[in-house]
Amino acid sequence: MQISRSESLKSLNTLALEARAAALTTAASEAEVREALRWAKAEGLPVLALGEGSNIVFAGEVEALLLRQQGLGWEVLSQDEAHVRLRVSAGEDWHNFVREALGEGWYGLENLALIPGTVGAAPIQNIGAYGVEFERFVLAVHAVDSASGESLRLGRDECRFAYRDSIFKGELRDRVIVTAVDIQLSTRPQVHCEYPSLAAELCQRGIARPAPLDVFEAVVAVRSRRLPDPAREPNAGSFFKNPVVPAATATALSGRYPGIPEYPQADGQVKLAAAWLIEQAGWKGFREGPLGIHPEHALVMVNYGGGTGAELLALAGRVVQSVSETFGIALEMEPRVYGQPR
Ligand code: FAD
Ligand code: EPU
């Protein structure tokens with residue numbers, strides 16, 4: 001396997017931030033993942049997994065071996081009249097896999113169409129969109145322990161999935177390389193289309209009883225309209241998580257701000273829309289030099305060209321402070337930050 005040193009990461013993150021990694025490699029098998037781990041150990045470098053860099057802020061030089069994985073496809077583990085169980089390799093492109101699954105007549109992932117990134121990254125933050133989260137499909141996650149090189153298998157419950165969270169962002173943060181995910185999909189069409197903007201899109205298309213393909217197409221249309229394409233306006237999707245607050249906090253806020261969107265959760269807490277809070281605090285469309293808050297979606301920070309990770313984080317800090325001063329709500333960043341400015 002080829003390991004390159006001092007590699008530019010600009011084309012390997014969707015924010016197009018310029019940074020360098022001490023070393024970079026792509027593994028074409030699990031054996032190569034272990035080979036990379038051994039190489040890094042001998043060099044005294046930590047190993048960090050890198051997918052498509054769509055949820056990462058590179059703040060400067062990354063003193064690590066960044067390990068990418070080639071897509072090695074997927075295999076059917078078992079199938080019955082209602083379900084199919086699959087093992088999907090970590091390096092596969094997520095959206096491509098969603099499209100292929102739909103083509104095979106395996107349903108469930110339609111709401112998660114067009115999310116950038118790899119299959120291996122999907123369990124890390126438990127990707128979610130339009131009322132569906134990845135965890136609902138997971139049977140197990142296969143990984144290699146970065147320190148020992150041992151294989152791990154985590155069942156769904158062991159992954160401790162939650163909204164934009166999992167054990168891979170907690171106890172196992174940067175300690176394992178996910179190599180494959182076992183998932184179960186339905187062979188019988190089942191659709192979830194209650195999410196307001198998805199329901200509105202289907203209604204506008206005159207589709208009263210949507211098939212999975214209708215949901216897939218509607219999600220692709222809504223996303224394409226609402227979220228900027230990183231190829232033209234480099235971004236990392238939502239820059240902040242939607243805050244989940246106690247019901248009493250939400251009640252107090254809706255008293256002061258009658259239009260505030262609120263989403264009651266199963267545990268009695270209430271999810272707020274970070275985009276709404278940021279927009280109301282006056283940041284939507286804000287632009288300073290090469291960086292800004294997207295004019296169409298206040299949760300998306302954009303690098304219009306030449307901005308650095310450190311500058312982006314400084315701007316994000318101002319947004320957090322302003323939302324905190326206006327609403328008393330602490331926003332938490334969604335993307336992971338790697339590297340230090342020189
Ligand atoms: P990267 O950004 O490369 O990595 C993200 C984190 O996962 C890093 O900490 C990395 O070390 C770790 N990681 C990656 N691969 C592995 C692995 N194999 N083993 C261990 N750790 C690993 N997310 C949503 O949930 N819903 C959305 O609707 C959504 N929309 C988006 C829209 C846009 C335009 C963009 C740019 C991003 C969006 N995202 C969304 C965020 C992003 O697409 C997801 O978080 C995605 O899963 C990241 O995949 P990636 O391969 O790019 O991971
Ligand atoms: N809104 C505003 N101003 C804006 C944008 C949105 O007030 O500029 C309001 C909308 O009117 C709506 C609410 O905020 O009432 C929610 O907006 P939207 O449906 O666009 O969803 P979101 O909460 O901003 C979340 C995810 C997205 C995911 C969509 C669809 C988080 C942090 N973000 O965004 O995920 O695609 O829902 O399910 O949970 C990502 O994680 O990168 C991402 C894009």
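Predicted model: local features only at pLDDT ≥ 70, side-chain atom pairs only at ≥ 80, totals over all residues.
1. Strand 6 (residues 74-79) and strand 7 (residues 83-89) run antiparallel and are joined by five bridges. Three residues lie between these strands, and together the two form a hairpin. Within the pairing, Gln-79 stands opposite Val-84 of strand 7.

2. Strand 7 is also joined to strand 12 (residues 176-186), here by seven bridges and again in the antiparallel sense. Leu-86 faces Ile-183 of strand 12 across this pairing.

3. Three bridges pair strand 15 with strand 16 (residues 270-272), and Glu-262 has Leu-272 of strand 16 as its bridge partner.

4. The axes of helix 3 (residues 196-204) and helix 4 (residues 212-226) come within 9 Å and cross at roughly 110°. Because angles of 65 to 115 degrees count as roughly perpendicular, helix 3 is described as roughly perpendicular to helix 4. The crossing is right-handed.

5. On the side of helix 3, the contact is made by Ser-197, Leu-198, Glu-201 and Leu-202. Helix 4 contributes several residues, including Asp-214, Val-215, Ala-218 and Arg-225. By class, the contact of helix 3 with helix 4 comprises seven nonpolar, one polar and three charged residues.

Technical notes:
Residues numbered from 1 in each chain as written. Chains lettered and ligands numbered in written order. Heavy atoms only, no water. Pairing = 2+ DSSP bridges. Helix = DSSP H or I, 4+ residues; strand = E, 2+ residues; numbered from the N terminus. Axes fitted to C-alpha atoms, helices over the stretch in contact; angles between N-to-C directions. Parallel < 35°, antiparallel > 145°, perpendicular 65-115°, else oblique. Left-handed = near helix turned anticlockwise from the far one by under 90°. Contact = heavy atoms within 4.5 Å. Nonpolar A, V, L, I, M, F, W, Y, C, P; charged D, E, K, R; others polar.
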